[in-house]
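Please examine the sequence and the three-dimensional structure shown here before reading on. The paragraphs that follow lead through them step by step.

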Amino acid sequence: MALNARLDHRNPLVFDTHELGRRPGALQRLTRTIDAPADLGILGVIGVPEGAPVELELRLESVMEGVLVTGTARGSVKGECVRCLEPLEQVLEADFQEMFSYPDADDRGRPKAEPVDDAEDDEDTLFLEDGLFDLEPVLRDAVVLALPMQPVCQDDCPGLCSECGARLADDPDHRHDAVDIRWAALQGLAGSLEDGEKDELSGAEPGVDEKQEK
């Protein structure tokens, strides 16, 4: 991508790499707890609530091309079970690794002879800006990849009754007597036939008695 907009070092997701210098192999470890930005997760499904604490553990390594950032984010996510629709809360741990390149170096870490405007090459590249980098886009991608696409409150959640919407986990013996409308129609027809036979029999009985009297 293109160079970042002017970064603000006061932003808790902006980190300074000046202590590393540009000495390949130099390392720096950082820990920081930040307030989750808005919409950190899968919108409408599950995510880290805005303002909730997120713990970051980072390892910054200076390489020829820039700074390699490896880290882990930990926090609590909230959402809704896709089976029973009950609220749920889970602990999230998301790992990530990203290269932040020096804007004035080529892919071998050498200073560029002349600035080259190559939008295609820069499309997927994250750059350092005055020794700063913004971790937010990397954090968002890592959290989304670590989240379940269909969160459930428990692995064996039975969900809701398809007929009345009752939560089946609260009533394991819950059931409805299923009636097939086709059988119901046949039962009604059978009942009508039985009633007709009874009427015929009851109508024939007087004639039989008269014959027997004669």
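How many salt bridges does the count come to? With a salt bridge taken as a side-chain nitrogen of Lys or Arg within 4 Å of a carboxyl oxygen of Asp or Glu, the count comes to 7. The structure is a predicted model, in which local features need pLDDT of at least 70 and side-chain atom pairs count only at pLDDT 80 or more, while totals for chains, interfaces and linings use all residues. Residues are numbered from 1 along each chain as its sequence is written, and side-chain values use heavy atoms, with hydrogens and water left out.

The overall plan comes next. The chain has 3 helices and 9 strands; these are DSSP runs, numbered from the N terminus, with helices being H or I of at least four residues and strands being E of at least two. Along the sequence they follow the pattern β-β-β-β-β-β-β-α-β-β-α-α. Of the 214 residues, 31% count as buried, where buried means under 20% relative accessible area, exposed means over 50%, and partly exposed lies in between (1.4 Å probe, protein chains only). Contact means heavy atoms within 4.5 Å. Among contacts between residues at least 6 apart in sequence, 65% join residues at least 24 apart.

The interior may be considered next. A nonpolar core is a set of buried Ala, Val, Leu, Ile, Met, Phe, Trp, Tyr and Cys residues joined through side-chain atoms within 4.5 Å. The largest such core has 38 residues, and those with the most contacts inside it are Val48, Leu56, Val69, Phe96, Phe133, Leu135 and Leu139. The elements that give two or more residues to this core are β3, β4, β5, β6, β7 and α2, and β7 gives the most, with 5 residues.

Helix α2 deserves a separate look. In this helix, which spans residues 136–146, the buried residues are Val138, Leu139, Ala142 and Val143. Seen down the axis of α2, these buried residues fall within an arc of 130°, so they line one face of the helix; the arc is that of the directions from the helix axis to the C-beta atoms. An α-helix has 3.6 residues a turn, so residues three or four places apart point the same way. The buried residues of α2 pack against several strands, including β2 (27–35), β5 (53–62) and β7 (87–101). On the other side of α2, Asp141 and Leu145 are exposed.

The salt bridges can now be examined individually. Side chains of opposite charge can pair when their charged atoms come close. Glu136 counts as partly exposed at 22% relative accessibility, and Arg140 counts as partly exposed at 24%.

Another salt bridge joins the side chains of Asp130 and Arg6 (2.8 Å, N to O). This pair links distant parts of the chain, 124 residues apart: Asp130 lies in the loop between β8 and β9, and Arg6 in the segment before β1. Arg6 counts as exposed, at 70% relative accessibility. Together, Arg6, Glu129 and Asp130 are linked in a network of salt bridges.
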